[in-house]
Amino acid sequence: MKIVICEDDVRQRKFLQSTIIHSSLFQYEDVEIALVASNPSEVFTYLQDNRADCFLLDIELQHEINGLELANVIREKDPLATIIFITTYADKLRLTFTYKIAALDFIVKNEPNLAENLIKTLQIAYQKHQSIHTQNIGKHFQMKIGEYVKLIPFEDIYCFATSANSHKIKMQEKSGVYEFFNNLTDIEQQLDERFFRCHRGYIVNLQQIQKIDITMRTITLKNSSICYYSLRYKKALRKALSSTSTIIFE
């Protein structure tokens with residue numbers, strides 16, 4: 001779990017960092033503090049080429065962008081990110097409803113059990129992180145387009161194909177077509193049994209196949225798009241589709 005801290009008060013910043021480092025949570029190899037920032041600009045710079053799982057954000061940042069506005073940007077880039085707000089004034093928490101930000105928790109700085117509350121909240125964040133990686137990631141495809149990470153449910157994807165644009169992949173899904181930098185070999189590792197590599201240039205969702213033309217070696221998907229399959233994959237494709245009686249072979 002990668003953690004980002006954004007706090008403009010240097011003492012609070014050091015306290016948060018030290019508390020996390022010396023907590024039992026830091027025993028896990030996959031927990032790290034990826035960034036300790038004093039203002040949102042540092043966070044924006046970090047997010048251009050990196051991502052994090054958990055963000056500790058001070059609401060009252062002495063900056064043109066406050067913690068709530070920063071959280072909105074983070075949420076747009078990564079809908080699964082965990083956001084924890086830290087504030088000096090408890091009455092500021094109602095603003096989160098105005099901004100419509102779903103936060104995991106709110107921590108008030110002047111509470112006597114600040115360190116304890118922080119660690120308990122981070123432990124919950126870690127459990128959420130583990131759950132996402134063991135359950136949700138297996139049901140969604142993570143696609144990075146520019147600065148943004150988009151999650152596409154597997155059942156909404158028709159196919160992946162190599163693009164005419166070098167080093168890019170074209171993905172067809174129910175809401176549209178996307179092009180992004182990747183390769184089919186790496187993508188194949190992220191998918192489950194409902195997907196089949198039928199050609200060096202195509203991966204299809206078996207559940208989205210409408211019919212197969214064995215003469216032309218084409219696969220027609222339910223959105224009417226056409227993919228091709230190689231002769232070497234014919235037998236494996238039939239076997240993969242053996243439990244699907246609705247597929248029409250012509």
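Modeller: Happy to! Let us begin with the contacts: residues 24 or more positions apart account for 52% of the contacts in the chain with a separation of 6 or more. Please keep in mind that this is a predicted model.

Biologist: Which secondary structure elements does the chain have, and how many?

Modeller: The chain has seven helices and 16 strands. Of its 250 residues, 43% are buried. The accessible surface is about 13,600 Å², and carbon and sulfur atoms hold 48% of that.

Biologist: What makes a residue such as Phe85 buried or exposed?

Modeller: The cut-off for buried is under 20% relative accessible area. Phe85 has a relative accessible area of 0%, so Phe85 is buried. You will find Phe85 in strand β4, residues 82–87. Phe85 and Gly67 are 18 residues apart in sequence, with their C-alpha atoms 7.8 Å apart in space.

Biologist: Why is the pair of Glu7 and Lys109 called a salt bridge?

Modeller: Side chains of opposite charge can pair when their charged atoms come close. The label asks for a side-chain nitrogen of Lys or Arg within 4 Å of a carboxyl oxygen of Asp or Glu. In Glu7 and Lys109 the closest N and O atoms are 2.9 Å apart, so the pair counts as a salt bridge. The structure holds eight salt bridges.

Biologist: How do you know that this pair links distant parts of the chain?

Modeller: Look at where the partners sit: Glu7 is in the loop between β1 (2–6) and α1 (10–21), while Lys109 is in the loop between β5 (105–108) and α5 (114–136). They are 102 residues apart. Glu7 has a relative accessible area of 1% and Lys109 has 12%. Both values fall under 20%, so Glu7 and Lys109 are each buried. Glu7 and Lys109 also belong to a network of salt bridges with Asp58.

Biologist: Why does the pair of Arg194 and Glu155 count as a salt bridge?

Modeller: The closest N and O atoms of Arg194 and Glu155 are 3.8 Å apart, which is within 4 Å, so the label holds. Arg194 lies in the loop between α6 (184–188) and β11 (195–199), and Glu155 in the loop between β7 (148–153) and β8 (157–162), so the pair ties together parts 39 residues apart in sequence. Arg194 is buried at 17%, whereas Glu155 is partly exposed at 41%.

Biologist: Now for the largest pocket: what is its volume, and which residues are the closest to its centre?

Modeller: The volume of the largest pocket is about 240 Å³. It is lined by 12 residues, and the closest to its centre are Gln142, Met143, Lys144, Ile145 and Phe181. The largest share, four residues, comes from β6.

Biologist: How does that lining divide into nonpolar, polar and charged residues?

Modeller: Five residues of the lining are nonpolar, four are polar and three are charged. Lys counts as charged, so Lys144 in the lining has that label.

Note on methods: Residues are numbered from 1 along each chain as its sequence is written. This is a predicted model: local features need pLDDT of at least 70, side-chain atom pairs count only at pLDDT 80 or more; totals for chains, interfaces and linings use all residues. Side-chain values use heavy atoms; hydrogens and water are left out. Helices (H or I, at least four residues) and strands (E, at least two) are DSSP runs, numbered from the N terminus. Buried means under 20% relative accessible area, exposed over 50%, partly exposed in between (1.4 Å probe, protein chains only). Contact means heavy atoms within 4.5 Å. Accessible areas come from the Shrake-Rupley method with a 1.4 Å probe; for residues, only the protein chains shown count as cover. On a 1 Å grid over the protein atoms alone, a cavity is a set of points where a 1.4 Å probe fits but cannot get out, and a pocket is an open set with protein on both sides within 12 Å along at least five of seven lines; lining residues have an atom within 4 Å of a point. Grid points are joined across faces, edges and corners, and a volume is the space filled by probe spheres set on the points.
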